Amino acid sequence: MDGDNQSENSQLLLLGMSESPEQQRILFWMFLSMYLVTVVGNALIILAISSDSHLHTPMYFFLVNLSFTDLFFVTNTIPKMLVNLQSQNKAISYAGCLTQLYFLVSLVTLDNLILAMMAYDRYVAICHPLHYVTAMSPGLCVLLLCLCWGLSVLYGLLLTLLMTRVSFCGSRKIHYLFCEMYVLLRLVCSSTHIIHTVLIATGCFIFITPLGFMTTSYIHIVRTILQIPSASKKNKTFSTCASHLGVVSLFYGTLAMVYLQPLHTYSIKDSVATVMYAVVTPMMNPFIYSLRNKDMHGALGRLLGRPFQRPK
């Protein structure tokens, strides 16, 4: 790709994690299986909650949207990965790459913000139970979700538009699974100072601020739980937010593996960490939220027409 001129018809090559035919066949079936499990798991969560009036509460309202986001997220990346693994033509157009980047950034941001809203829901439910109905009214929940969507869309647009202002040069080969911001920046031959400045400034606001908010919420939640005299009530109260804590830990842990390192150290090994947050996390979320959730077991059982056995 010419450094002085880049057109919408320019193409990049997504080579993925391996160029070995044998390994590509293994990766194809692995990613296909994970994609199907993710789609089925998140679809069941959405259908179970939507069809059960007992679960029409703020916590499950945000969970439905989290599952929808995860469905959209894996559909943005995995189908193209599967095509590349089966095809000799691994090219992706410049416009297609930027489109994939836009949805990737927007949906990761949306996941992050929804998790913050779910932490707020748990904070109000445990620390201020008498005000829960008014503090988490349906109107406020919709407003918070719209705010999450708005910020995510704007953030995705901002970073994608910045990428249209840079010039690429050198090799068009990307040893990565999809079009990702840091990987694309390694192909840039023009100045990236503005992009890096924006990434740091907006990243602190979009990701560090919600993480700080969630941390503060759980500090208050733990303090409230410790004041409960009954051990059984302590365990029951903590169990209502244990699933959320598990998802937050998985989400931020895998993101940290990819992004908390200098740009110049990015290599093929980071594709493994990318698989964790781009594929494994959306796949695991339905299991984490339903594994020990009696209400979800009941809703899934009614949806499937038979009792859903809770794990011992």
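**Model and conventions.** I am working from a predicted model, where local features need pLDDT of at least 70, side-chain atom pairs count only at pLDDT 80 or more, and totals for chains, interfaces and linings use all residues. Residues are numbered from 1 along each chain as its sequence is written, and side-chain values use heavy atoms, with hydrogens and water left out.

**Overall fold.** I looked up the secondary structure and found ten helices and three strands. Helices are DSSP runs of H or I with at least four residues, strands are runs of E with at least two, and both are numbered from the N terminus. Along the sequence I read β-α-α-β-α-α-α-β-α-α-α-α-α. The protein has 312 residues, and 49% of them are buried. Buried means under 20% relative accessible area, with a 1.4 Å probe and protein chains only. I then checked contacts (heavy atoms within 4.5 Å). Of those between residues at least 6 apart in sequence, 76% join residues at least 24 apart.

**α1 against α2.** Two packed helices are described by the angle between their axes and the distance between the axes. I noted α1 as residues 21–51. Its axis lies 9 Å from that of α2, at an angle of about 160°. Axes are lines fitted to C-alpha atoms over the stretch in contact, and angles run from 0 to 180 degrees between N-to-C directions. The pair is therefore roughly antiparallel, a label for angles over 145 degrees. The crossing of α1 past α2 is left-handed; that is, the near helix is turned anticlockwise from the far one by less than a right angle. In this contact I list 21 nonpolar residues, six polar and one charged. Nonpolar covers Ala, Val, Leu, Ile, Met, Phe, Trp, Tyr, Cys and Pro; charged covers Asp, Glu, Lys and Arg; the others, Gly among them, are polar.

**α2 against α3.** Next I took α2 (residues 58–86) with α3 (residues 94–127). Their axes come within 9 Å and cross at roughly 160°. These two are therefore also roughly antiparallel. α2 passes α3 in a left-handed crossing. The contact of α2 with α3 holds 16 nonpolar, five polar and five charged residues.

**T77.** Is T77 buried or exposed? T77 counts as buried, because its relative accessibility is 0%. Its side chain reaches the backbone oxygen of F73 at 3.5 Å. Leaving out residues up to four places away in sequence, T77 touches Q100 and F178.

Terms used
Angles under 35 degrees count as roughly parallel, over 145 as roughly antiparallel, 65 to 115 as roughly perpendicular and the rest as oblique. Buried means under 20% relative accessible area, exposed over 50%, partly exposed in between (1.4 Å probe, protein chains only). A polar contact is a pair of N or O atoms within 3.5 Å; within protein, one must be able to donate a hydrogen and the other to accept it, and residues adjacent in sequence count only if both atoms are side-chain atoms.
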